[in-house]
Amino acid sequence: MAPVDLQSREHRDLIDIIDNLRLHGVNKYVDLPEIIVCGDQSSGKSSVLEAVSRISFPAKDNLCTRFPTELILRRDAVTSLKLGIIPATDRSHEERDRLSSLQLDVNNETLDMAAAVEAAKHAMGISEAKVFSKDVLRVELSGPTQPNLTIVDIPGIFRAGSVEQSIEDANTVKEMVREYMSRPRSIILAVVSAKSDFSLQDITELAKELDPDGSRTLGIITKPDTLDAGSDSERFFVELAQNKNVVLRLGWHVLVNRSFKTRDNTSDQRDRNEARFLSSGAWSQLADRLKGVTSLLSRLSIVSRDQILQHLPELLSDVEEGVTECYAIRKRLGSSRETPEEHRRYLLQISQDFSALMRSAADGIYTTEFFGNAMTDIGYKKRLRAVVQNSLSSFAEEMRLRGQQRIVDSDEVDVSQRGHVSRKTYVNEVKILMTRSRGRELPGTFSPMLVGELFAAQCKPWEGIARGVSQDILAAVHCTIKLILEYVAVDDTAREILAVVHKGVARCKEMLDAKITELLHPHLHGHPITYNHYLTDNVQKAQSSRQRKQFERSFMKVLDLTDLKAEHHCHMTTPSKILDQLQQKTEVNMERYASELAVDYMEAYYKVAMKKFVDDVSTLAIEECLMRELSRLFDPQIVFMLKEEELLQLTSESRDTRDERVRCSEKLTALESARTELRRLDRYRPEMSRNGVRSEQSEEDDVVATGIDNDNANLLAETSTSNAHAKEPRPEIAAMADAGPPTGEDHDIFGFVTDTKPPKRKKKATPTFAVRDDEI
């Protein structure tokens, strides 16, 4: 796509749409591209605005520096001036209506706006008590020589207080300036006075802080005529204008302000004086595109256009996100409710949404936007099935590690750790228990009840572990329920419904606790029952392992070995010696043999019962008593059964809720309108502007058509006496300016074809905002 000509209808559409969005308060919700003029007090900011607009702002009491001023310049066949007020976002609804509807009358013949500005000051409430305001004075100036450009001037920064402005006012202004400059889509027009030391001007420090790489700052040097010719200060500011000392991607520009003596000069006289001064002395070495108000207008038009086109995709994306968010909020708030039927309809919608999300959370189907990002804490808490699965996995691991009252270790293991006991000691304890519980069993056998008694003692920790995991899962359920209700209902309604849902969860908790008690009872108070063949397998494996260790010790003793796995020379022995050694290890104590066997059966049964208990708690308790009931905690059937007074209690809304609905509707209306307008702009986005803001060098090579009155353009080359006058532009030249230059050729800023292209100069690799001390 071809670039958008600076004075074409398309370019004006770009600027108008963004300005219209700002006028309707869209910048309250998303940052809009804008050019802001900022600097220290008395740095010449107001003079920059006057030079750009060619109208005089009231100088009395510095009125226009007491509040932000949005200057809108538009090319039109008829000259006109309109003033209005854009209320600050922190104003009340009534104040916004009052200020927005205020009529500020101006004289379109004289373009005198002193009375209108005074009326705006009074409407904003500026007085001795309130010196500054965040309300924006909107100045819209149209005319045949005006460019299509919008810039915002904000109050100047100052430090010391005075009779007219206090230290508190200084802080207020600095915060206001910081707020404007920190907006990532703004172009900072940093005004630096050559009359003051560069390093002592606050705007330089703020620009360095808020735009550290200098990518969106264009520096403006004012009052260069106050410097002594040939001085070090003059040399420093000349090199600054050449982008050598403090490197900015958009570069620097030089303007000459009206002095006290020339304050009454016309704009034409001011422009001629500027052109004469900048074409002499050290300033003559600067390229024309770096000095004078005419070339500044061209640069600002380019920067404004590119800034809008660069940020268009992300701006549209932000608006889309805002619209989506508004729809979600509006759905959560519901429509305005007056009749019982409207209240019930709203509650039914909440019930359906809650049940659907609760079912998805419990089933592990996380497809809706409610569940968000699983990598965040809040996103994980919404995924209830994941939390439950992980909790039950931890439960199984804790049962395996800490489910036994006493861990029976082999005799070779150190059992000094608390809760551990050697097998030998434990078998001796079982032997004593068996002798004191003897019935009719033969020697070498044991009563089946003995295994149950040993097992019941070992599984005592099960209840605490099972109750603990149930409490953890219940806490996760409460958290998920709260998050879902906050998502589907307004806060007041969510709190009321939460009380109803908590009653249902309490009933689930009672069933859960009862089921865990039921599952524990046969293990703690019954006798062992299992038909799982793993019981005998575990007993045989335990006995085989123990016998193998005994055989290894016997062989090592007969063969006089220390390690069976190491290579050894053959030893002479007889089978009878080996059999004698094995026979010595045969247990002749029948009671100890029975105790060993009882311990083996208890440990084998414990493994089988523990696995079954873990599965039973997971399926019969957690799943059946809790998870299956969650989607029915607040289903539509409950809503239908509510009495009218209960219904009104649940769905009554506060004043805050009604206000939020109004704010949401206002925001949605503004953003939907913005989305429509921004989609229109996308067709103007040329390929060259899709890669970011262009540099100062790109501006030098840009094909520009400013359409600025050539009375002003001729001043750049004017070096005659002060009473020389520019000629009226020829019709064909004006037509070229309006139409823009033809593509494929080099042109100057007025659209004339040039024979040669200015050589590109290489920039020094100087760090951004790194000022050389010897140059100041």
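Reply: Contact here means heavy atoms within 4.5 Å. The model is a predicted one, and among contacts in its chain between residues at least 6 apart in sequence, 78% join residues at least 24 apart.

Me: Why is V501 called buried?

Reply: A residue counts as buried under 20% relative accessible area; V501 has a relative accessible area of 0%, and is therefore buried. Its place is in helix α16, which spans residues 491-525.

Me: Which residues is V501 in contact with, leaving aside its neighbours within four places in sequence?

Reply: With those neighbours set aside, V501 is in contact with F354, I481, L485, L633 and F634. For one of these, L633, the C-alpha atom is separated from that of V501 by 5.8 Å, although the two residues are 132 apart along the chain.

Me: What puts the buried residues of helix α4 on the same side?

Reply: The buried residues of α4 (residues 114-124) are A116, V117, A120, K121, A123 and M124. They cover an arc of only 165° around the axis, and therefore lie on the same side of α4. In general, an α-helix has 3.6 residues a turn, so residues three or four places apart point the same way.

Me: Which exposed residues does the face of α4 turned away from its buried side carry, and what do the buried residues pack against?

Reply: That face carries the exposed residues A115 and H122, whereas the buried residues of α4 pack against β3 (80-86), α3 (93-100) and β4 (136-143). After α4 comes G125, whose phi is positive, near 85°.

Technical notes:
Residues are numbered from 1 along each chain as its sequence is written. This is a predicted model: local features need pLDDT of at least 70, side-chain atom pairs count only at pLDDT 80 or more; totals for chains, interfaces and linings use all residues. Side-chain values use heavy atoms; hydrogens and water are left out. Buried means under 20% relative accessible area, exposed over 50%, partly exposed in between (1.4 Å probe, protein chains only). Helices (H or I, at least four residues) and strands (E, at least two) are DSSP runs, numbered from the N terminus. The arc is that of the directions from the helix axis to the C-beta atoms.
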